[in-house]
Amino acid sequence: MNIGLLGCGNVGHGVLEILDADKKHDVKVTKILVRHERNNGDGRFTLVPSDVTGNPDIDLVTEFIGGVESAAEFVKASMQHGKHAVTANKKMLAECMPEMFRTAHENGVELFFEASVGGGIPWISNIRNIREIDEISSFRGIINGTTNYILSSMEKGMDFAPVLAEAQTLGYAEPDPTDDIDGFDTRYKTVISCEEAFDTYIRPEEIPVFGIRHISKSDMDYASENGMTVKLLSRVVKNGDSIAASVMPCMIAKDNELAAVKANSNAIELTSSNLGKLLFIGQGAGTYPTSHAVVQDILAIQNGKKHDYSRLTRGTVENAGASGVYYIRTAAPEVFSEIESERAGNGAVITVKTDLEKVMGLIDRANDPELFIAEVV
Ligand SMILES: NC(=O)c1ccc[n+]([C@@H]2O[C@H](COP(=O)([O-])OP(=O)(O)OC[C@H]3O[C@@H](n4cnc5c(N)ncnc54)[C@H](OP(=O)(O)O)[C@@H]3O)[C@@H](O)[C@H]2O)c1
């Protein structure tokens, strides 16, 4: 099987290394698209997208260029030329899933994306296996390594800004960390997981999201003094035909399994009828864990694994009925006075059990750009 690589950065070069070293499978990288010329004597590199996307000798393309427009254009063109595709790009997939699935279905090709959620954790393939005989009712997890690294460091007493700077130096956080710290990356992965678990496509912006940009040392200290820590969680529950979903910092007990997930690790907990709870923990990013997941997808497609892209239906998030106890620190506490609450000691309050939708409405009204909220779970 001839493979074309779209991109050869952190993930792409790992995939290239693994496949070039592989002697066990009939899989060979024959063309590699990059943006900047490489003078490394490797004749496989090209700057011309159609050398990969329209190349009749290529059977499968892998995409790791990131972003939405070019990535979507190249993956779609490749599938229209009858090539299978594997992508690690959660943002592109979450934004363009219906179009990508339709293209795969119409052209009779596969589009696999194990690496797009949880990096090296075999999350997507396990959902597929479980769903062969079982029904998934919920999942929740830590699916962004950057924010988990920041929160783990804050647990040890550091403040947000220096930890973010350190994460950027170590390459865990992007120069523009918005997608990570504002929860958008977690939300893209939540969208993809909903497709896998329920055959339902939810637009990313329909999932309420709160990130960790405004968490302060005092918030983490409050959690710690009360036997808890803070984690950014994706949480999804299927109620009949409707799906409740959110991405939000949560204060969880220190003896909770998810509290033990440190640094840039990921953990995802799934509940299904027969299995009950199942917890996946591992490296959610990084060159080799992510590349491993990509190569697993390539081999799965080579071995004839298929996904039914026609099952995808459009869904909406229904959070009516979702409620919780919330820790809220805001410069506009008067806006929240209609919710019964007690002071948390550092200018924050802890509410009684309150509807999520009501809290969200008040957050909009407070219009406080520095507000921090965490659900106490
Ligand atoms: N890094 C991780 O640990 C990780 C984990 C899971 C998923 N992902 C996802 O994998 C994707 C790639 O991430 P990465 O960290 O490998 O990115 P990266 O290091 O920035 O590499 C991007 C590669 O794509 C090429 N490229 C970018 N835009 C292009 C264009 N318009 N035309 C042609 N080539 C283009 C770049 O070429 P040049 O080399 O010439 O600049 C580079 O080789 C992203 O969607 C990311 O979210 C990454």
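The legends below describe close-up views of a predicted model.

**View 1**
Strand S1, which spans residues 2–6, runs parallel to strand S2, residues 28–33, and the two are joined by 5 bridges. Leucine 6 has leucine 33, a residue of S2, as its bridge partner.

**View 2. Strands S2 and S3.**
Strand S2 is also joined to strand S3, residues 45–46, by 2 bridges, and this pair likewise runs parallel. Leucine 33, the bridge partner of leucine 6, has threonine 46 as its bridge partner in S3.

Helix H6, residues 145–155, is mostly covered, with 10 of its 11 residues buried; among the buried ones are Gly145, Tyr149, Ile150, Leu151 and Met154. The elements that cover these buried residues include the strands S7 (136–142), S9 (228–239) and S11 (265–272), together with the helices H7 (160–169), H8 (178–181) and H10 (217–225). Just after H6 comes glycine 157, which takes a positive phi of about 110°.

**View 3. The shell around the ligand.**
There are 22 residues around the ligand, and of these Gly7, Gly9, Asn10, Gly66 and Asn89 come nearest. Sorted by class, the shell holds 11 polar, 9 nonpolar and 2 charged residues.

Terms used:
Residues numbered from 1 in each chain as written. Predicted model: local features only at pLDDT ≥ 70, side-chain atom pairs only at ≥ 80, totals over all residues. Pairing = 2+ DSSP bridges. Helix = DSSP H or I, 4+ residues; strand = E, 2+ residues; numbered from the N terminus. Buried ≥ 20, exposed ≤ 12 C-beta atoms within 10 Å, placed from the backbone. Contact = placed C-beta atoms within 7 Å. Near = placed C-beta within 6 Å. Nonpolar A, V, L, I, M, F, W, Y, C, P; charged D, E, K, R; others polar.
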